[in-house]
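Here is a briefing on one protein model. Please keep the sequence and the 3D view open while reading.

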Amino acid sequence: MSNQTQSIRVMKFGGTSVGDAKRMRSVVDLVEGALVSDRVCLVASAMAGVTNLLVKAVDPGSRQENEHLLEKFRDIHEAAIAELQGELGEHAPPLREELADLVAECDRLLKGVSLLDECSPSILAQVSSLGERASCAILLALLKARRLDPHYLDPREFIIANGDPIQARPHLDEIRAQFQPLRTNGKRLWLLPGFFGGDPQGKIVSLGRGGSDYSAALAAQALDADLLEIWTDVEGIFSADPRVVPDAFSIPEVSFDEAMELAHFGAKVLHPKTITPVRGLGIPIRVCNSFKPEHPGTLVKKDVATPARGPRGISFLKDVVLVNVTGSGMPGVPGIAARVFSALARRDISVMLITQSSSEVSICFCVKSPDGPRAVEALQEAFRAELAAGLVDRIELTEGLAILSIVGDGMHLKVGVAGTFFDALADVDCNVVAIAQGSSERIISAVVKETDGERAMAHVHHRFFDTCEVLEIVLFGAGNVGGCLLGQIQRQQPRFLESGLEVRVVALADDKRMRLENRGIDLTHWREDLATMGEATNLDRVLAFMRSRRPTLPVFVDCTSSAELTARYPEIFDAGLHLVVANKKANSSNLAFYQELRKRAARHARRFLYETNVGAGLPVIDTVKNLVKTGDHVLRFEGILSGSMSFILGLLGDGSALSESVRAAKERGFTEPDPRDDLNGMDVARKLLILAREIGLELELSDVAVEGLLPAHFDASGDIEGFMARLPQLDKEFKERVETLRAKGQVLRYIGSITPEGCRVGLQAVGYEHPLHVIKGGENALSFLTERYQPHPMVIRGYGAGGEVTAAGVLSDVLRLVSTRAVS
């Protein structure tokens with residue numbers, strides 16, 4: 001195949017791709033591989049960090065460091081040459097001479113700047129071009145050493161541009177004329193430094209931000225290239241910024257229009273002006289990772305299949321301000337908008353987003369933050385008369401904003417894309433300041449607070465692309481239930497991830513110490529780490545930590561029995577967290593607080609879940625709620641609501657003495673460390689009150705009649721050991737009572753009941769016909785006689801007690817937050 005019929009490929013390599021000797025070898029390897037089938041124009045940037053170094057050298061505040069900066073410039077390139085010495089061979093000496101000339105040129109320019117105490121745009125363009133000239137000198141020598149016969153293209157001759165020396169405008173026709181002979185000559189490899197060109201007088205001018213990509217695009221257009229490759233340090237254009245959205249993925253293909261929109265609104269892999277020269281000729285652009293050359297990257301081309309979900313990607317542009325022009329004299333007046341944007345154009349201010357109310361009362365637009373004050377000043381000058389006459393009311397500047405956009409050619413084909421976008425923003429309490437959408441429906445943009453933007457982008461990405469959702473847990477209480485919960489989370493993490501959920505415990509506290517970790521606490525040795533790495537427990541600090549981060553799906557889990565903590569539940573809702581609680585104190589406290597919690601949760605659109613308050617792991621609370629929601633009425637309730645009471649009375653009925661039964665329950669963990677906390681019946685009373693309130697009864701704890709397991713005449717005072725030592729005094733009394741009931745076919749059960757006569761907890765004798773007769777051994781059972789469930793009641797039965805069972809119930813509540821965020 002002749003050179004003239006071979007495809008032409010332009011390969012541009014960025015600063016990180018030529019950042020050291022190793023990376024330069026890789027560049028030459030890639031070029032050598034491409035030369036097998038194509039003619040190649042290699043375009044290269046300065047080595048990473050060099051352009052910034054040079055710009056700093058002419059900065060007035062850094063001029064005293066010029067000698068140091070000049071040495072650093074030389075050392076960076078000399079280090080690369082030294083490492084490549086063995087490969088460069090005879091090309092090393094002339095390369096070092098060329099580097100010395102560039103260092104000398106830099107020194108002369110910097111001395112001139114220092115002498116005049118001024119750096120003109122023309123001088124800045126010359127200084128900043130030295131990085132590309134130095135990196136390409138090394139690449140040229142390396143290509144020659146590989147015998148690839150490179151031909152050097154001086155940008156001053158081939159990239160013709162004029163205007164602002166720092167932001168020059170290329171002359172496309174002249175550039176094409178300069179490249180025309182190359183399309184037909186015998187050369188197969190050209191090397192073109194990026195970022196700069198030359199004006200008609202041959203002076204160096206800069207192409208501005210994204211200049212090296214722009215150089216490559218101009219070369220591709222002028223050469224009628226078949227492909228433009230942009231080699232960088234990421235695997236193409238991503239669905240979102242991977243630094244913010246870890247689940248973002250490389251997009252295989254995007255259209256030119258989509259790439260333009262994504263680039264304009266924050267996707268930094270491609271600058272918008274890179275696309276313009278090649279788009280008209282239909283030259284595809286492939287964005288590749290020079291560190292992973294095997295990855296296909298992203299192909300930007302004319303015709304691309306529309307994405308099934310509507311959006312192709314999400315962009316996020318920070319450091320934006322909104323200017324709002326409002327006036328009662330604006331509606332129906334021709335030329336208002338023209339005057340607004342003419343005033344901005346005269347100040348050379350670029351407008352990024354525009355929106356206008358249909359009433360014509362206001363026009364608002366976004367500009368970059370540094371341009372905000374100048375934009376207000378320009379408009380105040382342009383509308384001075386209208387402001388004085390009251391026809392324009394005010395010109396407002398809102399700072400600290402960002403633009404979040406979804407982009408996709410196929411969005412107009414899918415109903416509900418905008419709805420999903422704004423619904424996702426609402427999910428994470430992200431307020432929208434302004435909205436813009438073009439008639440092509442290729443892009444929908446929302447102006448939001450910059451502090452909300454990153455978490456909003458992560459959640460929008462999750463909603464559109466079904467990527468991993470992050471659930472963040474704040475856990476207070478690291479005892480039996482809390483410890484079991486952490487173990488279950490750790491063991492099930494692989495299953496969670498498989499289903500698209502990452503569960504992170506970002507805060508963990510017991511009554512003394514706590515830990516906070518942005519990315520989640522390693523649960524492998526959580527107990528030891530809490531003791532050695534923790535700080536003093538402080539709920540205020542935890543809430544401040546969560547407020548500052550504002551995660552997408554935060555949940556506060558209370559596995560304590562602390563009344564002090566429950567008193568602060570309203571503050572937890574105010575901080576934006578959902579609440580999942582095993583602690584019964586809040587729902588059994590005074591009725592006014594009980595009702596306030598529900599109002600507070602509704603006000604903040606947070607969920608308050610407490611399934612384990614009654615029956616631990618049994619599905620009790622939700623069952624009762626569903627009965628009530630569907631219009632059923634509970635006529636009578638009876639239940640064994642304490643696993644410890646169930647265990648003790650079961651042993652008693654089987655012939656064990658009361659004292660032995662209590663001791664066995666304590667040793668096996670059925671009771672609290674002090675068994676009297678169970679035997680006094682208050683735990684059952686709290687559960688019964690919670691059930692009564694769920695049914696719809698407005699009761700206080702004092703409305704529940706409580707009879708403890710122990711008779712009133714028994715002295716239950718003193719320490720635990722003394723109490724346990726006196727307990728055998730009741731063995732005879734209980735034995736006789738049990739035997740008397742056995743003769744009647746009855747057993748003793750500790751029952752909580754809700755009847756028309758009221759709420760009561762206490763010992764009750766039940767016969768074989770009663771649904772609670774067979775309940776013992778730690779089981780719970782709840783019997784609901786309702787308008788629908790009669791004459792036979794609905795019975796919920798199972799082992800509700802124990803740390804693992806209760807923790808499973810808590811985890812089940814936590815996971816319910818993933819599928820729905822509606823307030824219960």
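The model is predicted. A search of the whole structure finds 56 salt bridges. An open sheet of 7 strands has mixed pairing. The second largest pocket holds about 1,400 Å³ of space.

**Salt bridges**

- Side chains of opposite charge can pair when their charged atoms come close.
- Glu 78 counts as partly exposed because its relative accessibility is 26%, between the cut-offs of 20% and 50%. Arg 96 is also partly exposed, with a relative accessible area of 29%.
- Glu 377 and Arg 347 meet in a salt bridge through their side chains, at 3.1 Å from N to O.
- Arg 347 is partly exposed at 25%.
- Glu 571 forms a salt bridge with Arg 568, and their closest N and O atoms are 2.8 Å apart. Glu 571 is partly exposed at 32% relative accessibility. Arg 568 is partly exposed at 22%.
- Salt bridges also link Asp 257, Arg 279, Asp 409 and Arg 442 in a network.

- Helix H10 (residues 272-279) is mostly covered, with 6 of its 8 residues buried. The buried residues in H10 are Pro 272, Lys 273, Thr 274, Ile 275, Pro 277 and Val 278.
- Ala 92 is placed in helix H4. Ala 92 has a relative accessible area of 0%, so this residue is buried.
- The C-alpha atoms of Ala 92 and Ala 141 are separated by 7.3 Å. Along the chain, Ala 92 and Ala 141 are 49 residues apart.

- Strand E28 (residues 746-755) is largely enclosed by the rest of the structure, because 8 of its 10 residues are buried.
- Strands of a sheet pair through backbone hydrogen bonds, either parallel or antiparallel.
- Strand E26 (residues 634-640) and E28 are antiparallel, paired over 3 bridges. Within this pairing, Phe 637 has Ile 754 of E28 as its bridge partner.
- E28 and strand E29 (residues 758-767) run antiparallel and are joined by 10 bridges. Tyr 750 has Leu 763 of E29 as its bridge partner. A hairpin connects E28 to E29 through 2 residues.

**The open mixed sheet**

- The strand order in this sheet is E22-E21-E20-E19-E23-E24-E25. Strand E22 (535-536) and strand E25 (608-609) are the edge strands, and each pairs on one side only.
- Strand E19 (residues 469-476) and strand E20 (residues 501-509) pair in the parallel sense, over 8 bridges. Leu 471 has Val 503 of E20 as its bridge partner.

**The second largest pocket**

- Rolling a probe the size of a water molecule over the atoms shows where empty space is left.
- How many residues line the second largest pocket? The lining has 48 residues. Val 481, Thr 560, Ser 561, Lys 584 and Glu 672 lie nearest the centre of this pocket.
- The lining divides into 13 nonpolar, 22 polar and 13 charged residues.
- Several helices each supply at least two lining residues, including helix H16 (480-498), helix H19 (563-566), helix H23 (643-653) and helix H29 (803-819). Helix H25 (676-679) and helix H26 (682-695) also each supply at least two.
- Which helix gives the most to the lining of the second largest pocket? H26 does, with 4 residues.

Terms used: Residues numbered from 1 in each chain as written. Predicted model: local features only at pLDDT ≥ 70, side-chain atom pairs only at ≥ 80, totals over all residues. Heavy atoms only, no water. Salt bridge = Lys/Arg side-chain N within 4 Å of Asp/Glu carboxyl O. Buried < 20%, exposed > 50% of the residue type's maximum accessible area, 1.4 Å probe, protein only. Pairing = 2+ DSSP bridges. 1 Å grid on protein atoms, 1.4 Å probe; cavity = no way out; pocket = protein on both sides within 12 Å on 5 of 7 lines; lining within 4 Å. Points joined across faces, edges and corners; volume = space filled by probe spheres on them. Nonpolar A, V, L, I, M, F, W, Y, C, P; charged D, E, K, R; others polar.
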